Amino acid sequence: MVLEVHNLQTHLHLKRGILRAVDGISLSVGEGETLGLVGESGSGKTLTGLSLLRLLPKGSGRIAEGSIKLDGQELTTLSDSAMARDIRGRRIAMIMQDPMTSLNPVFSIGDQVSNPLRNHNIAHGATLRSKVIDVLTQVRIPSAEKRLGDYPHQFSGGQRQRIVAAMAIGCTPRLLVADEPTTALDVTIQVQIIALLRQIQADTGTGIILITHDLGVAASLCHRIAVMYAGRIVETGPVRRIYKSPAHPYTQALLAAIPRLGDKRARLQAIPGQPPSLIDPPTGCRFAPRCPARMDKCAEPPPTVTLADGHEAACWKLA
Amino acid sequence: MLALVLRRLWQGAISILGASVIIFVISRLSGDPVVMLVPPDAPPSLIAEIRTQYGLDQPLVWQYLLFVGHALSGDFGNSYRWQMPALKLILDRLPATIQLAACGLLFSVALAVPIGVLSAVHRGGWIDRIGRIFAMLGQAMPAFWVGLLLILVFAVQLNWLPAFGHGTPAHVVLPAIALGWYPVAAQTRIVRSAMLDVLDSDHIRLSRALGTPERLIVWKYALRNAAVPLLTMLGVYFAAMLGGAFVVETIFAWPGVGRTVVEAVFSRDFPVVQAGVLFTSILFVLSNLLVDLSYGLVDPRIRDVR
Amino acid sequence: MKQWIIGLAAAASLAALPLAPAQAQSGTLTVGLGAEATVMDPTRSSAGVDQYFFGQMFEQLVRTDPDLKQINWLAESWALSEEGGKPVITVKIRPGVTFHNGDPVTSADFQYGMQRQQDPKLSRFSHLLNAVEAFEVIDNLSFRLRFKEGDGSFITSNLHLWAMPKRHIEKVGEEEYQRAPVGTGPWKFVSRTVKEELRLEAYEGYWNKQNRPAVKNLVIKIIPEDLTRVAAYKTGAIDWIDAVPPAATAEFAKLENTSTFTAVTGNNLFLNFNTHQPNSPFNDVRVRRAAAHAIDMDAIIKRVLFDQGERYAEIGRGTPGYDPDLKPYPYDPRRARALLAEAGHPRGFEVPCYNLTTPREPNIKEMGEAAYAYLSAIGIRCQIRQLEYGAWINLGRRDAPPEMDGIVSWMWSHGLPGDPGTPWLGHLHSYQAGKGLGSYSYTDNPEMDALLRQQQTTMDPVKREALLKQIARIKHDQVLGGLTTYRPMVTIAWRTSKVAFKPWPSPGFWRNFQEIGLK
């Protein structure tokens, strides 16, 4: 196991109260494995990714409880400078959503890609330069050697995302956290980026956590999927099983909401209602207020039920 | 790039020409210079003689054309008061004013950048609060007063620096502080707000996510982005320094062009006023051009957009 | 042929004690002035401030000594006489006087200098030599000046002429000469940086072995800002300071190791009234006398000028025509109000009062405001209009708009000890367009005009003195040509342990380093 997260609780301390954004999630990622973290906006998936890197909002964000182990090393007890020195960009790297704003406009790509390598003492001087060219070539930037002095605005969106990927994999991290890496790109480029991530994983064996709300993207890249709702993971399982036989009512509703070609319905099938406030969340199942299969028992926290090998869901219906 | 420079120079030339016409007309409307050049008991014949000598009895348009004609060959006439070439009077003193304005600007930037950056990084903290008070003080205290205060403390009481004059690097320190004090407030605010913007941006967050030390993030990766809005204003502030130099030059007996031109205005010494305004406008145009060109240095996106 | 020998014997009047033996000429002294000359050539000068520089390097035939007496200087002797009804001045030049380049001074040099002064292309004072008809060289060391008519202020103006090195100027050319002047004075030009400093070196071949500098190098720094100049003195950057600001004079008097010298500078200030417009209330002499009684000038001098001023009635102490029996109008506000009522203004009246703001004299703006406040208190309600120098000059002139329609704070220097003749022809004589008379005058009094023209052509000092006194009495009684207020004073200070200084006047100023040295 590359990553093992157990009962992670991340709280945001706001003026109006404590927002329990991530309220006890557990997950794991193995070598060469891609885990999709799927959910709607506000479900806590991005904050989960940030928690892994301990990049929470200064002052208000805090990991209240839980453990995060990377290759067995506990990350929650490390100091911030240790995190920057040893973990961030070195053993866990991040790729963000918008490639148009992820790169610093006033520095060359050569400088920006060499940065993590330099900061983590991977290479210096001439070796650094050749390493940068290598990694840019790896992400399919043509004529990388000639383009070291070019600036981000001289590249297309897809290329920029590749450059960000190059920055991320330069130090061959153990885990890549990709937060909506394709959302801001058009469909044809999306395919390229997904292929790139698959390539990287094949080449380096790095684990990937793919945070997305796009079930289609998750299907094409992930081995397993974890579905998040209101700060909790409601269902985890291999990607095929999740899509073929979703167990949790929320997962079922999500999949049902995806429009299919040939669908003759006039309206999209949306999930009625709103996610609950995470400052004062309901004690029982958080999806209960919107769940079509709601029972009285749902007022108590639901147990995690194992349905098959690697397939779990937290629902009273399955118990 | 060349096209840009040429275009700016052309625009600058028009501004300078406009300024020279305005000054020419206004100074002649301000009063009769001749009565101020002769003793009060001078007979009308002497006054008429001098007026003719200086061509002041000619129609205004003809006077202007003569002025332009001579100016193009480098002749700005003799100063009425100093009886030496006005051009020499101005050019000899221009370097001193440029030196003063540049040092003043340097001082203000040297103060504004660290305070602005630290205020943004520790937003709401004590540095932020003190920085704001400090900058406000700068805006509340006029250069005249600051100059005298500096002389009193650093020259008279402590005897660390000279009270007046020109020549050694030590002589520039107090005048540069007196001159550069005022824009520190505005410049600090610009740096602070630009830094706050940048520090919030995606690429900075990514940089942090990749483990870049905070020190580098603030002083290299963020600051260079924040420099662009500051650079915009530097041209304006340099012009402000040129304008405000007169007060500081008088207080510190600094032999600059600001003093020369203002004294010439009071004594209606037209040739000196004209030459002075002309060269100050040229300086202003050139400094703005330099600032424009330097954007390309700092922000590569601009290099390709023309 | 009448002959009046007027020139004073040379030796007896060189009363000043020598400072130090002539050999002790080494070292450098740094002094600070508040203004600088624009032109260093006395024949091309137009502003009084130019004397700050050329006064150190150039000399005249006669000069005013520290006791304000006129003594022979480059002239060994001179005499006023008459030939064919026209005045003649015969001059004998002192032998042994040389220019800084070594050339001896001859009659030709004085003739050359006079020609320069009479050339309107070079000089702004050419009109002052209008009366001189011819310069007659007798020999190398003597010459004669023939006048076409009497010139009353010629003698009191120290005979006008300056020793100018003819051969040198013709050799180096005008431009080079303006850059590096050469004269006969105790100080020789070394270098000059505009707006910064003037460097001088004591002239070893200087003719006057008794009254001369006792230091080799003199550096004159220009520091226009008052407080900075004071700071420069306090930090030791300069050891002699000119024009201590009035507010600081009390402090300087008590400063340790500091000597001060305070004296009248030769400028004469007054308030002039609108007496040329037909409906002006000031046409009535009672109103003018009311104004004279309304102002407590002593209080103003004490409070606003920090005692740096001396009251005077028409002519100041030491100037020809001074009458100790003529006293300034006493401060009497009740009498002032009574006079106003008598003249038909029981409730007073409004009047524009023009005030000069440019500090050509210290605190002149505040002085004007104080005087106008006193006038307002007794009913002459002043609407103060502040003017900077250029606008003020334009207002004062009769030959161009705008018209001065109220009261104006004015000044016209008599000099040290000077002479009131030329100033009075400017602001007391009636305005005669095109003649250069009364250019700044609002008075039209034929009796005055006649007396003024008479003194203008009277060269006999005794007769002239009587005329001046007569004019002064009438002027004072009728408050004509303005109400005299005060003569400004200047305070100079220097470091007692380091500097030996004896103040000598230049024509009209005290910034003269005839006798200065290091102890």
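Chain A of this predicted model has 10 helices and 12 strands. Its C-alpha atoms occupy a box of roughly 70 × 50 × 40 Å along the principal axes. The radius of gyration of chain A is 20 Å, which agrees with the value near 20 Å for a compact globule of 319 residues.

Of the 319 residues in chain A, 54% are buried, that is, they have under 20% relative accessible area. Contacts in chain A between residues at least 6 apart in sequence include 62% that join residues at least 24 apart. The table gives the surface and burial values for chain A.

| Property of chain A | Value |
|---|---|
| Accessible surface | about 14,200 Å² |
| Share of accessible surface from carbon and sulfur atoms | 52% |
| Share of residues that are buried | 54% |

The second largest pocket has a volume of about 940 Å³. Its lining consists of 29 residues. Those nearest the centre of the pocket are Leu55(A), Leu56(A), Pro57(A) and Lys58(A), together with Arg208(B). Two or more lining residues come from each of several elements: in chain A these are β4 (61-70) and α2 (80-87), and in chain B they are α5 (86-121), α9 (184-199), α10 (202-209) and α11 (214-251).

What is the division of the lining of the second largest pocket into nonpolar, polar and charged residues? The lining has 14 nonpolar residues, 5 polar residues and 10 charged residues.

Technical notes. Residues numbered from 1 in each chain as written. Chains lettered and ligands numbered in written order. Predicted model: local features only at pLDDT ≥ 70, side-chain atom pairs only at ≥ 80, totals over all residues. Heavy atoms only, no water. 1 Å grid on protein atoms, 1.4 Å probe; cavity = no way out; pocket = protein on both sides within 12 Å on 5 of 7 lines; lining within 4 Å. Points joined across faces, edges and corners; volume = space filled by probe spheres on them. Helix = DSSP H or I, 4+ residues; strand = E, 2+ residues; numbered from the N terminus. Nonpolar A, V, L, I, M, F, W, Y, C, P; charged D, E, K, R; others polar. Rg over C-alpha atoms; globule rule 2.2 N^0.38 Å. Buried < 20%, exposed > 50% of the residue type's maximum accessible area, 1.4 Å probe, protein only. Contact = heavy atoms within 4.5 Å. Areas by Shrake-Rupley, 256 points an atom, 1.4 Å probe, with all protein chains shown as cover.
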